[in-house]
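Here's a quick tour of a sheet and a pocket. Have the model open as you read.

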Amino acid sequence: MDVVNSVRTAVLDHYGVDRARVDSASVTFLGLEPIEILRIPGEDAVHYATLGGSRHPMGDPADLLADPVKGPRAELVLTLLASAGPQAGVARTLGVLVATPSVEGVVLQADALLDLGEPLWHNATFTAVLLGESDITEVALPEPADPVRYLSVTPITATEAAWVRVRGAQALRDAWSEAGIDVRDPARGAVNL
């Protein structure tokens, strides 16, 4: 089962971009297979999509024996405004985030808060991310494997992360909506909470 190529085809088809326009970077962690980060240009935004996090299903770290086929599988996609230009360090950060199931036993899912405790990229004010549903269709795999889901990555500040811990993910999304904040803007400030 070639999960990575199936996912690559699906995400590139979703964005309808010429493959020649897509850049990629590879991130490797000791003991893990390489993670590839695609940089997919759009009209007004750039999409950074991971490939490789879904090679193996995520499972409960307390299980003595992990199921090699069944279980949830996920990849991540971060969308930033194209006008901001490339952000140094984005590929490494996405690699770290998508590797957390293998490294820390975390199951990636919508509304999950992942806090790195350091800037997500060079000079970023964001130190954490909030995962959400993306508009990329699930990638079906041969039975009995679960499909691969793409989750959206929204960078958030330490203050916003604290708000999520107290009030929940939807409360933060509501605050962004009320304030008219474009969460794709890497130069945005924190919403007033």
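## The sheet

Two strands count as paired if DSSP finds at least two bridges between them; strands (E, at least two residues) and helices (H or I, at least four) are DSSP runs, numbered from the N terminus. This is a predicted model, where local features need pLDDT of at least 70, side-chain atom pairs count only at pLDDT 80 or more, and totals for chains, interfaces and linings use all residues. Residues are numbered from 1 along each chain as its sequence is written, and side-chain values use heavy atoms, with hydrogens and water left out.

On those terms, 7 strands make an open sheet with mixed pairing, running E1-E2-E3-E4-E7-E6-E5. At the edges sit E1 (23-27) and E5 (113-115), each pairing on one side only. E4 and E7 run parallel, joined by 6 bridges, and Val 77 has Ser 152 in E7 as its bridge partner.

## The second largest pocket

A pocket here is an open set of points on a 1 Å grid over the protein atoms alone, where a 1.4 Å probe fits, with protein on both sides within 12 Å along at least five of seven lines; lining residues have an atom within 4 Å of a point. The second largest pocket has 13 lining residues, and Val 77, Thr 79, Ser 152, Val 153 and Arg 184 lie nearest its centre.

Which strands supply at least two residues each to this lining? They are E4 (73-81) and E7 (148-156), with E7 giving the most, 4 residues.
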